[in-house]
Amino acid sequence: MTKQTSEIARRRTFGIVAHPDAGKTTLTEKLLLFGGAIQEAGAVKSNKIKKSTTSDFMEIERQRGISVATSVMAFDYAEKKINILDTPGHKDFAEDTYRTLTAVDSVIVVIDVAKGVEEQTEKLVEVCRMRKTPVIVFINKMDRPGKEAFDLLDEVEQKLLLKAVPLSWPIGMGDRFKGVYNLFEERIVLFRPDNKQGRPEETIEFTDLQDPELEKLIGEDAAEELREEIEMIRGVYPKFNHDTYLRGEVSPVFFGSAVNNFGVKELLDCFVRIAPAPQPRPTEERQVKPDENQFAGFVFKIHANMDPRHRDRIAFLRICAGTFERNTNYLHVRQGRKLKFANPTSFMADRKEVIDLAYAGDVVGLYDSGNFKIGDTLTEGEELHFKGIPSFSPEQFRRVMNGDPLKSKQLAKGIDQLMDEGVAQLFTREVDNAQIIGTVGALQFDVIQYRLEHEYGATVLYEPINLYKALWVTSSDEDALRAFSERRRQQIAVDKEGRLVYLADSAWTLQMARDNHPEIAFHLTSEH
Ligand code: G4P
């Protein structure tokens with residue numbers, strides 16, 4: 001095995017997704033503790049956006065600034081190199097999260113035992129399902145009263161449409177939480193509250209649950225209940241099968257308490273055994289495999305530098321094939337020119353450092369003065385275009401007006417660059433050239449306004465516009481598409497890539513358009 005092959009094979013690049021407050025930051029921190037990447041709890045700053053009123057968005061940007069450092073957290077554990085890609089939980093930044101999911105090979109979903117499956121989790125897991133990304137579920141906060149374990153598994157199946165396979169099972173809950181039975185390794189792991197610094201858990205081998213020792217360990221009632229439940233699980237749920245997990249067809253489920261560092265090691269130990277190594281990725285031209293000789297990668301996220309003295313941005317590149325080297329010329333496929341990078345950065349939990357070499361599966365940060373946009377591909381020369389980095393149909397719209405006629409150039413440039421960063425989407429209405437910004441959440445409008453003013457010296461004014469949705473339209477019949485867009489000129493726009501978009505002002509008009517034009521396909525994402 002070459003060094004490249006073995007280095008790539010030991011990488012595990014994944015994301016943790018959760019509804020805000022489920023415990024993503026806490027779990028991340030405990031994983032980093034096990035990996036020795038941080039020395040004490042509390043070292044990882046939460047990049048959680050705690051407030052969401054518009055006047056707080058400076059604070060939000062500050063917190064997003066912090067999140068540059070925690071965008072990728074790498075550590076070694078059990079001979080694997082683990083890359084955790086951070087995903088914002090706040091719904092207004094959902095598009096960031098969707099795009100980050102294009103750069104991972106698997107996902108851990110954190111669910112709060114009391115709240116069960118929440119809305120944000122449903123949406124994010126839907127993206128995983130679309131891409132057949134393997135998912136592990138961690139049910140958190142078992143030290144608190146919550147829903148019954150069987151009900152939670154039902155929710156996972158019904159709301160997330162994942163086939164659940166419990167690999168651990170809780171013994172009691174809340175005040176009566178005693179630990180979990182690890183079905184994967186047939187042992188009992190006893191709960192000890194307040195284990196913040198991660199002392200080893202007390203585990204007891206228990207292959208035969210009929211053994212009367214069980215009563216002594218967890219008490220008569222709990223023992224009886226556990227035996228019944230495990231029997232039921234073995235009857236109802238399939239045995240864990242690695243291949244079906246890797247295909248994204250079943251999802252192992254763990255129970256624990258991140259803040260108490262309980263069940264986290266079980267999760268991590270199982271993760272390093274089963275989670276996929278870097279996977280092949282489709283491009284428009286061909287499938288790109290991690291262990292190819294030549295390097296290829298794509299930009300999935302761009303982060304503005306919050307330090308006003310450094311106007312540059314950081315483009316996050318997922319390496320999909322081969323190795324990436326510092327100070328080496330690579331082809332920027334969209335621009336058709338070579339670029340080299342003097343300071344590619346890797347991220348190690350609490351610090352960044354310049355790297356000379358990175359392998360497929362890794363993420364590097366590239367300082368960028370405006371060359372990149374989301375989805376851009378870098379290669380050693382081959383013209384490849386990675387697929388699967390779609391834009392999503394926005395839900396909020398404003399018409400953009402120039403507030404300072406002397407700064408129209410600055411405004412145009414600022415909008416152009418912010419759209420390339422993926423902050424929002426710009427649509428130009430054909431009939432009157434109106435510029436319309438569409439976003440997933442309302443916060444982005446304030447972010448855009450603020451950044452245009454402070455980074456580009458431009459003033460943007462927003463006018464309300466009555467729009468329900470923007471959908472990409474296509475048809476196999478080009479004449480029909482042309483006729484449709486001429487008839488509906490008032491509602492036709494183009495996105496930044498020149499793709500046709502239908503602007504529906506209500507659910508009703510959208511339905512009418514669909515009913516009257518069966519020859520036209522209306523898409524919720526830019527990639528169909
Ligand atoms: P997030 O990143 O998913 O938004 O969640 P985060 O980890 O910040 O956790 C949200 C809250 O839940 C935190 O409390 C955290 O301490 C708590 N928490 C996480 N895991 C557990 C658990 O296993 N059991 C219990 N009981 N609580 C847990 P907070 O009060 O919002 O913040 P903090 O002041 O404690 O940091």
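Predicted model: local features only at pLDDT ≥ 70, side-chain atom pairs only at ≥ 80, totals over all residues.
## The seven-stranded sheet

An open sheet with mixed pairing is built from seven strands, and their order across the sheet is β2-β3-β1-β4-β5-β11-β6. The edges are taken by β2, residues 72-77, and β6, residues 163-166, each of which pairs on one side only. From one strand to the next, the twist averages 30°.

Within this sheet, strand β5 (residues 135-140) runs parallel to strand β11 (residues 250-255), and three bridges join the two. Val137 is found opposite Val253, a residue of β11. Helix α10, which spans residues 264-274, packs on the sheet and touches β1 (11-18), β2, β3 (80-85), β5 and β11, with a direction that makes about 155° with that of β11.

## The eight-stranded sheet

Another open sheet has eight strands with antiparallel pairing, and reading across it gives the order β27-β24-β26-β25-β29-β30-β28-β31. Because β27 (460-464) and β31 (521-523) stand at the edges with a single partner strand each, one side of each is left without a neighbour in the sheet. Neighbouring strands here are turned against each other by 40° on average, if direction is ignored.

One of the pairs in this sheet consists of strand β25, residues 425-429, and strand β26, residues 435-439, which are antiparallel and share four bridges. In this pair, Gln425 has Gly438 of β26 as its bridge partner.

How much of strand β30 is buried? Four of the five residues of this strand, which covers residues 500-504, are buried, and therefore β30 is largely enclosed by the rest of the structure. In a regular strand, the side chains alternate between the two faces of the sheet.

Strand β28 (residues 469-474) runs antiparallel to β30 and is joined to it by four bridges, and strand β29 (residues 492-494) is also antiparallel to β30, with three bridges. Val501 of β30 takes part in both pairings, being the bridge partner of Trp472 and standing opposite Ala493. The strands β29 and β30 form a hairpin in which five residues lie between them, and Gly498 in the turn has a positive phi of about 85°.

## The surroundings of the ligand

Which residues come nearest to the ligand? Among the 19 residues around the ligand, those that come nearest are Lys24, Thr25, Thr26, Ser257 and Val259. Helix α2, which spans residues 24-34, supplies the largest share of the shell, with three residues.

By class, the shell around the ligand holds five nonpolar, eight polar and six charged residues.

Key. Residues numbered from 1 in each chain as written. Pairing = 2+ DSSP bridges. Axes fitted to C-alpha atoms, helices over the stretch in contact; angles between N-to-C directions. Near = placed C-beta within 6 Å. Nonpolar A, V, L, I, M, F, W, Y, C, P; charged D, E, K, R; others polar. Buried ≥ 20, exposed ≤ 12 C-beta atoms within 10 Å, placed from the backbone. Contact = placed C-beta atoms within 7 Å.
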